[in-house]
Amino acid sequence: MGAQLPYEILSRKRAGERLTEPALRAAVAGAASGTWSDAQLGAFLMAAAIRGLDGDETRTLTLAMLESGERWQLAREVPLLCDKHSTGGVGDKVSLPLAPLLAVCGLPVVMLTGRALGHTGGTADKLEAIPGLELGLDRDATLRLLRDTGIAIGIATGSIAPADRRLYALRDQTATVSSLPLITASILSKKLATGAGALVLDVKAGSGAFLPELAEARQLAALLVATANALGVPTSAWLTDMSQPLGRWVGHACEVQETLELLQGEGPGDLQELTFALATEVAALHGVALEPQRLAEAIASGAARETFLRWARAQGAAAAWTASPRLPLAEEEHVVTSSQAGWLAAVDCRALGLLLIEAGAGRARPGAAIDPAVSLRYEGRLGQRVERGEPLARLYLRRRDDGLAAALGECFTVAPEPKQAPPLLYERIA
Ligand code: URA
């Protein structure tokens, strides 16, 4: 029994020993119940971050954190249920078009999504730009939505993986957020709680990614895929590029609007390509071959757009909005132009995301309000020729702020020589 005392567990991990299942479960139980102090949990996190956790420890930690809260086991009642997770990016709105496309093809989608994290946006915040849309779903409401519309998108409440809530806040304070095993356990303990039968992950690399380095993003993708599969959920990942905004729009209302444009066949090519790749991937995990042609038909027929609006209405969106789905754009346009001719060589997506937060399209502190109308339209594409004075971006603010627009201009590098643009899809990890 003494072997599970926090002091003993911490000593063992500090010395680089593997932790047994009872030891890891004791730490997670201590986090969820409050019997481990912040000091003990902080030390646990630091020892785990420095000494590492192997694959078995990561799986055990994830399972213990998952079991600290509700598990909905929805796949038992909803066959072919799919889920998707992205490590986050700038302009990454893929979850919004993905859900109706899959639903039209007979694959229901459940997603418990998050709010904005750092410089990246959150699906929940984007959806809240829709008047009336309600994100607080319990298991019964989720099941009803899945039966009625094939889609349920909510926000992870306190009853899902409560141990992660405490551990995540402490990781933030102890500089242990970047540990790959801790990231894996944190993401999957929430993601696996709904019990979907297949999960596809979009792990991003590049200047706008949570982990910008491709090699590190690849390691995270491999650990996420291995851990989720070891826990019995068929899972694969795409490693994708986030060195420029995805699609044309970054913000909240404008990203919902861009989703509707994609669903009526007018979306940008990169957004459609990634959405189709992830849809095909998660369908394949269920043994369903989903051809791009089938997805294109779901758009061309209007079925995917109609399904998105029907789902939004079922989840509380105002009838006036679903009848005429338009959202506001802030009125004050600032055009950011290139100061020289050349080729667009780099976008500092992280700085761009942080500037948008400063402009009001994000939270400068937890709980702050977001202005859904503050937006950015990205006019460039990496590798593209640009002339002097050509627009690189348009910023839409509530009032003039030439300083902010000038700072935004600094996010773009135009070089005298052409530079190869990175691929959108780097590799598949299965
Ligand atoms: N998202 C999470 O939920 N947890 C992490 O650790 C990182 C990203």
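**Ligand shell and cavities of a predicted model**

The structure holds 2 cavities of 30 Å³ or more. The model is predicted, so that local features need pLDDT of at least 70 and side-chain atom pairs count only at pLDDT 80 or more, while totals for chains, interfaces and linings use all residues. Residues are numbered from 1 along each chain as its sequence is written, and side-chain values use heavy atoms, with hydrogens and water left out.

Reader: Which residues line the largest cavity?
Author: A cavity is a set of points on a 1 Å grid over the protein atoms alone where a 1.4 Å probe fits but cannot get out, and lining residues have an atom within 4 Å of a point. For the largest cavity, the lining residues are Phe-44, Leu-45, Leu-61, Met-65, Asp-164, Leu-167, Arg-171, Leu-182 and Ser-186.

Reader: Which helix gives the most to the lining of the largest cavity?
Author: Helices are DSSP runs (H or I, at least four residues), numbered from the N terminus. At least two lining residues each come from helix 3 (38–51), helix 4 (55–66), helix 8 and helix 9. The most, 3 residues, come from helix 8.

Reader: What volume does the largest cavity have?
Author: A volume here is the space filled by probe spheres set on the grid points, which are joined across faces, edges and corners. For the second largest cavity this space is about 30 Å³. For the largest cavity the volume is about 50 Å³.

Reader: Which polar side-chain atoms lie at what distance from an oxygen atom of the ligand?
Author: A polar contact is a pair of N or O atoms within 3.5 Å. Ser-186 places a polar side-chain atom 2.7 Å from a nitrogen atom of the ligand. For an oxygen atom of the ligand, the distance is 2.8 Å from a polar side-chain atom of Arg-171 and 2.5 Å from one of Lys-190.

Reader: From which element does the largest share of the shell around the ligand come?
Author: Of the 8 residues around the ligand (a heavy atom within 4 Å), Tyr-168, Arg-171, Ile-183, Ser-186 and Lys-190 come nearest. Two or more residues of the shell are given by helix 8 (162–174) and by helix 9 (180–191). The largest share, 4 residues, comes from helix 9.

Reader: Which residues line the second largest cavity?
Author: By class, this lining has 4 nonpolar, 2 polar and 2 charged residues, where Ala, Val, Leu, Ile, Met, Phe, Trp, Tyr, Cys and Pro count as nonpolar, Asp, Glu, Lys and Arg as charged, and the others, Gly among them, as polar. The residues are Asp-83, Lys-191, Leu-192, Thr-194, Gly-195, Ala-196, Leu-199 and Val-233.

Key. Polar contact = N/O pair within 3.5 Å; in protein donor to acceptor, adjacent residues only side chain to side chain. 1 Å grid on protein atoms, 1.4 Å probe; cavity = no way out; pocket = protein on both sides within 12 Å on 5 of 7 lines; lining within 4 Å.
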